[in-house]
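The following note sets out several points on the structure shown below.

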Amino acid sequence: MNATDEDRPDDIEALLPWHAAGTLNRRDAQRVEDALAHDPELARRFELVREEFGETIHLNETLGAPSARAMEKLFAQIDAEPKRAAAGPGFTTRIVEFFAGLSPRTLAWSASAAALAILLQAGLIAGVMLKESGTAGYQTASAPSTAPGVGTFTLIRFAPQATSDDINKFLEANKLSIVAGPMGGGLYRVAVTGIPKGELASVVKKLQGDKVVNFVAATE
Amino acid sequence: MQTSSDEVLIARIARGDRLAMQVLFARHHVRVYRFVLRLVRNEATAEDLISEVFLDVWRQAAKFEGRSAATTWLLGIARFKALSALRRKSEEELDDETAGSIEDHSDDPEVTLAKKDKGSVLRECLTRLSAEHREIIDLVYYHEKSVEEVAGIVGIPEATVKTRMFYARKKLSELLKERGLDRGWP
């Protein structure tokens, strides 16, 4: 033990009761575990803590429960309270209830989908900004355009596991730019630059082989 | 079927939902009762107090902000009610310090230990601690409250929570020693 003064617990020893109850955060729990592994005296004292822990639970569990009188008295008092104005749940309450109503699995999927959407959106914004800065300055009327309705287009749905970085690299490598979306089914309208319309089919075939996408089709 | 979280129940209680109140009461009243009973040491008083605790929940539900767990909030209210009740009765009854200092001469330590197993001696000593020490030991061991939560319920800094728990355990060891059970600590 590092503590030489019995009247003052060292930091780790002070945490032993919470370690026994499992209420320490991961970092502190690891600190205690490490100390226990290297300090036999601390480990012996931890056994004393566990003993107290068990007997405290035993003691409390033998205290019994209140009689029905407590509940009857409570609800008699509640019934005697003035009626509250019927008000609908507030916005915060509705949010709390909405999320509380979701199962952990649904919540996890929703969070993943939301995270992906945010990443994609961030990638798109970054892409647009990079393109804008790259073409800043004077442009002739004959400069390539990615405006919808002019040029060669595909419909693309990205793979769920694709990151924004993957998508940016894919767009850049294939000279593609997103012009609209997401539409129904998570599809994006993507302009293909630098190729004649006749070569679109072969480009689509090539794009279909990339793991970043799970659907590619030519479109007008 | 999913059960509603305490936070959802409290939000419904704030809107006057009596059923939500019944669910919250059924879920927590036994633990709250035991916490209060360990402080006031009188079953009838403890029963009266839990009615008061949950009536406060009914009245104050709209003010619950969810910054702490609902059980932490409940225990905080319960503690306040218990201490107020103890203060009201302090002139009529022995206070805990006095009661704790009275020595039991019925048996010498060896006889006591021979009569009872180690666990029952430990439990007996747990009941002989001061209210302050009983409270912190129960909150940590039985109600499974973290350092931060105990600090919130008792209204003391986290460092004080740790040292108070240490001294409560130390006092427990001393009581055990008096009863013939030397644990080699402190």
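1. In this predicted model, the contact between the two chains draws 37 residues from chain A and 45 residues from chain B. On the side of chain A that touches chain B, the elements giving two or more residues are helix H1 (11–21), helix H3 (40–61), helix H4 (68–80) and helix H5 (91–101) of chain A. The largest share of that side, 11 residues, is supplied by H3(A).

2. As to composition, the side of chain A that touches chain B comprises 20 nonpolar, 8 polar and 9 charged residues.

3. The largest nonpolar core contains 64 residues. Those with the most contacts inside this core are B:Ile13, B:Val32, B:Val36, B:Ile50 and B:Val140. Helix H2 (residues 18–40) of chain B contributes the largest share of the core, 11 residues. Apart from this core lies another, of 14 residues, which includes A:Ile167, A:Leu171, A:Val190 and A:Val192.

4. Leaving aside residues up to four places away in sequence, B:Val140 touches A:Pro17, A:Trp18 and A:Ala21 in chain A, and B:Lys145, B:Val150 and B:Met165 in chain B.

5. B:Arg164 is located in helix H10 (residues 158–178) of chain B. Why is B:Arg164 classed as partly exposed? The reason is that B:Arg164 has 19 other C-beta atoms within 10 Å, whereas a residue counts as buried at 20 or more and as exposed at 12 or fewer. The C-alpha atom of B:Arg164 is separated by 8.5 Å from that of B:Glu132, a residue 32 residues apart along the chain.

Key. Residues are numbered from 1 along each chain as its sequence is written. Chains are lettered from A and ligands numbered from 1 in the order in which they are written. This is a predicted model: local features need pLDDT of at least 70, side-chain atom pairs count only at pLDDT 80 or more; totals for chains, interfaces and linings use all residues. A nonpolar core is a set of buried Ala, Val, Leu, Ile, Met, Phe, Trp, Tyr and Cys residues joined through C-beta atoms within 7 Å. Helices (H or I, at least four residues) and strands (E, at least two) are DSSP runs, numbered from the N terminus. Two residues are in contact if their C-beta atoms, placed from the backbone, lie within 7 Å. Ala, Val, Leu, Ile, Met, Phe, Trp, Tyr, Cys and Pro count as nonpolar, Asp, Glu, Lys and Arg as charged, and the others, Gly among them, as polar.
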